[in-house]
Amino acid sequence: MKLHEYQAKEIFGAYGIPIQKGTVIDRPEKIDEVALTYPVVLKAQVLVGGRGKAGGIKLAAQPAEARQKAAQILGMSIKGEIVRRLLVAEAAEIGAEYYLAFTVDRAARRLVVVGSAAGGIDIEDVARTTPEKIVKIHIDPFTGFYPYHARAIGRKLGFEGKHLLQFAVIAHSLSRICTEMDAELAEINPLAIVKTTGGAAGDGSLLAVDAKLIIDDNAIYRHDGLPRNEELTDLEVAARSQDLSYVELDGDVAIIGNGAGLVMSTLDMISHFGGRPANFLDVGGGATTENMTHAMNIVLRKKGVRSLFINIFGGITRCDDIARAIAAQPPPVPMVVRLTGTNEEEGRAILKQAAIHAHVDPEAAAQEVVRLMGKA
Ligand code: GDP
Ligand code: MN
């Protein structure tokens with residue numbers, strides 16, 4: 001689960017990482033109640049990156065300007081997400097911008113620290129174009145992250161003296177946040193050297209200007225008081241309202257199955273034969289004709305779907321109920337059906353009347369849909 005910047009900063013601040021003084025508002029008029037020193041920075045609270053480039057971050061020198069800019073940002077759409085909250089913070093005058101993050105390297109089966117003196121911008125771009133500007137070290141899970149690790153990274157990023165010590169303290173706090181909060185990612189970008197903030201002459205200290213924290217969904221139960229941020233797409237909301245489990249991916253084969261295990265193996269088969277699932281929907285046990293109709297409507301509405309694969313193993317679910325839904329509304333894209341189990345004969349008869357062939361062997365069916373995609 002992703003946390004909003006203001007939620008992450010609350011945690012970062014509690015761990016002693018320097019952050020700007022700020023408050024969250026949901027209406028432009030609330031600017032008047034904000035007790036902060038100008039200039040302020042207004043920051044859209046959405047769960048997508050690159051808010052700066054998208055116009056979701058603006059500076060304001062005085063309240064009237066802040067109200068006007070707040071009105072511009074609140075309600076705008078950033079990468080499909082509507083801005084409902086705004087973080088208003090005392091603006092910093094920024095010198096150099098650095099990058100620092102702790103994340104899970106699954107391949108290495110340990111945490112990795114990533115640092116760069118080329119912060120502020122998209123770290124993926126830095127990694128692609130100038131990989132030499134990125135410093136990485138893996139953390140041994142048995143011994144952990146030590147201050148000397150932090151200082152070693154800091155030195156490689158070019159920090160000295162006071163900045164090196166500050167950096168080491170921040171890095172150590174961030175490592176604690178990552179492990180204690182069961183984070184998949186704890187990131188500061190930019191970690192900036194600031195000249196001034198809150199109107200006061202700054203002393204060139206380090207400041208976490210941005211904060212990103214993603215908590216491992218499997219560990220959420222271990223953390224009381226975490227906010228619950230919903231990040232569902234329209235189709236996921238539609239599926240949930242019908243009690244259907246639906247997940248979006250980024251390929252082009254829509255998948256419907258019954259039962260989590262069957263659906264997972266269907267995804268694997270499609271991938272194995274060279275196809276790419278667009279999404280998958282589990283109609284569950286005992287799916288009715290109506291459930292199946294909803295399921296087809298949902299998976300086919302996803303943008304970029306070029307074929308439909310239905311894999312049903314009838315148990316409590318009856319093949320004839322499923323077949324009735326399929327026969328009643330043949331999809332606008334090529335479809336491959338695998339149908340076997342309870343009431344299979346009846347189901348096949350219904351499909352046959354609609355001139356739809358049903359496979360018995362799931363592998364043959366998966367191969368068929370991938371082959372169709374190749375042709376399309
Ligand atoms: P992101 O674009 O979603 O990553 O949002 P950030 O919080 O990282 O802000 C993007 C950019 O806006 C930063 O790299 C800064 O250049 C600028 N910015 C953010 N906060 C401030 C601030 O307090 N003062 C100034 N001068 N610039 C800021
Ligand atoms: Mn950022």
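**Close-up views of a predicted model**

**View 1. Ligand 1 sits in the largest pocket.** On a 1 Å grid over the protein atoms alone, a pocket is an open set of points where a 1.4 Å probe fits, with protein on both sides within 12 Å along at least five of seven lines. A molecule sits in a pocket if more than half of its atoms lie within 2 Å of the grid points. This is a predicted model, in which local features need pLDDT of at least 70 and side-chain atom pairs pLDDT 80 or more, while totals for chains, interfaces and linings use all residues. Residues are numbered from 1 along each chain as its sequence is written, chains are lettered from A and ligands numbered from 1 in the order written, and side-chain values use heavy atoms, without hydrogens and water.

**View 2. The shell around ligand 1 holds 17 residues.** A residue is counted as near if one of its heavy atoms lies within 4 Å. The closest are Gln20, Lys43, Arg51, Gly52 and Ala92. By class, eight residues of the shell are nonpolar, five polar and four charged. Here Ala, Val, Leu, Ile, Met, Phe, Trp, Tyr, Cys and Pro count as nonpolar, Asp, Glu, Lys and Arg as charged, and the others as polar. Strands β2 (40-44), β3 (57-60), β7 (92-105) and β10 (183-197) each supply at least two residues of this shell; β7 gives the largest share, three residues. Strands (E, at least two residues) and helices (H or I, at least four) are DSSP runs, numbered from the N terminus.

**View 3. Helix α1 (residues 5-14) is largely enclosed by the rest of the structure, because seven of its ten residues are buried.** Buried means under 20% relative accessible area, exposed over 50%, and partly exposed in between (1.4 Å probe, protein chains only). Among the buried residues are Tyr6, Ile11 and Phe12. His4, in the segment before α1, is buried at 5% relative accessibility.

Note on methods:
On a 1 Å grid over the protein atoms alone, a cavity is a set of points where a 1.4 Å probe fits but cannot get out, and a pocket is an open set with protein on both sides within 12 Å along at least five of seven lines; lining residues have an atom within 4 Å of a point.
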